[in-house]
Amino acid sequence: PISSGDNLPFVNLGTGRTAIQLSIGNYFSCALLDGAASGSRVKCWGYNPYGNLGYEDTTNRTAPQGDNLATDYINLGTVNGDGSGGALYAKQIAAGGSYSTCALLSNNKIKCWGYEYYLGYGDVLRRGHAAGTMGDALPYIDLGTEGTIVELQAGVQFFCARFDNAKLKCWGYNAQGNLGLGE
């Protein structure tokens with residue numbers, strides 16, 4: 001049985017790190033951590049059949065590793081996309097019900113990984129499941145030049161972004177019209 005009250009333990013996010021956002025996917029969780037000296041970082045744990053945790057493998061993780069693993073943070077790439085300019089950090093995280101995850105980054109762009117059919121890249125390539133698929137190798141989602149993305153949300157098999165001009169763009173599965181495209 002799971003403990004409750006004061007006996008229910010806290011998730012170990014690492015020394016001095018606190019969660020500023022939590023997003024729950026399909027049998028997995030991701031936390032956006034405070035922006036301490038290293039910036040806002042992401043840790044994910046749980047079921048990982050498609051690389052949805054973002055650690056370049058499909059290993060399930062029962063909980064974040066605290067300070068034990070340097071690889072506990074998800075590699076979102078660098079500012080210049082070539083290993084230079086400093087690390088990109090997450091401003092918001094969205095874990096979807098389709099074993100997919102997206103992050104709104106410090107440069108106001110979005111990267112997604114996990115189950116290949118709902119990521120928004122226009123292909124069916126899985127990302128986040130094997131070495132060399134995250135970090136600078138992970139492309140941005142092309143949402144055009146409409147404005148600055150200010151919010152990211154995940155649905156069961158789709159994602160939506162809100163722009164600073166209050167317009168929305170959604171991508172992923174649209175069988176029930178959930179993308180709002182009138183189709």
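Let's start with strand S6, which is mostly covered: five of its five residues are buried. Buried here means under 20% relative accessible area, with exposed over 50% and partly exposed in between, using a 1.4 Å probe and protein chains only. Strands are DSSP runs of E, at least two residues, numbered from the N terminus.

A word on the source. This is a predicted model, where local features need pLDDT of at least 70, side-chain atom pairs count only at pLDDT 80 or more, and totals for chains, interfaces and linings use all residues. Residues are numbered from 1 along each chain as its sequence is written, and side-chain values use heavy atoms, leaving out hydrogens and water.

Back to S6. Ile110, Cys112 and Gly114 point one way. Lys111 and Trp113 point the other way, and they are buried too.

Next, the partner. S5 and S6 pair in the antiparallel sense, over five bridges; pairing takes at least two DSSP bridges between the strands. Ala103 has Lys111 of S6 as its bridge partner. Four residues lie between the strands of this hairpin, and there Asn108 takes a positive phi near 65 degrees.

Now the core. The largest nonpolar core has 33 residues, and Ile110 and Trp171 have the most contacts inside it. Such a core is a set of buried Ala, Val, Leu, Ile, Met, Phe, Trp, Tyr and Cys residues joined through side-chain atoms within 4.5 Å. Strands supplying at least two residues each include S2 (28-33), S6 (110-114) and S8 (158-163).

Last, S8. Strand S8 pairs with S9 (residues 168-172), antiparallel, over five bridges. Arg162 stands opposite Leu168 in S9. In the S8 and S9 hairpin, with four residues between the strands, Ala166 takes a positive phi near 70 degrees.
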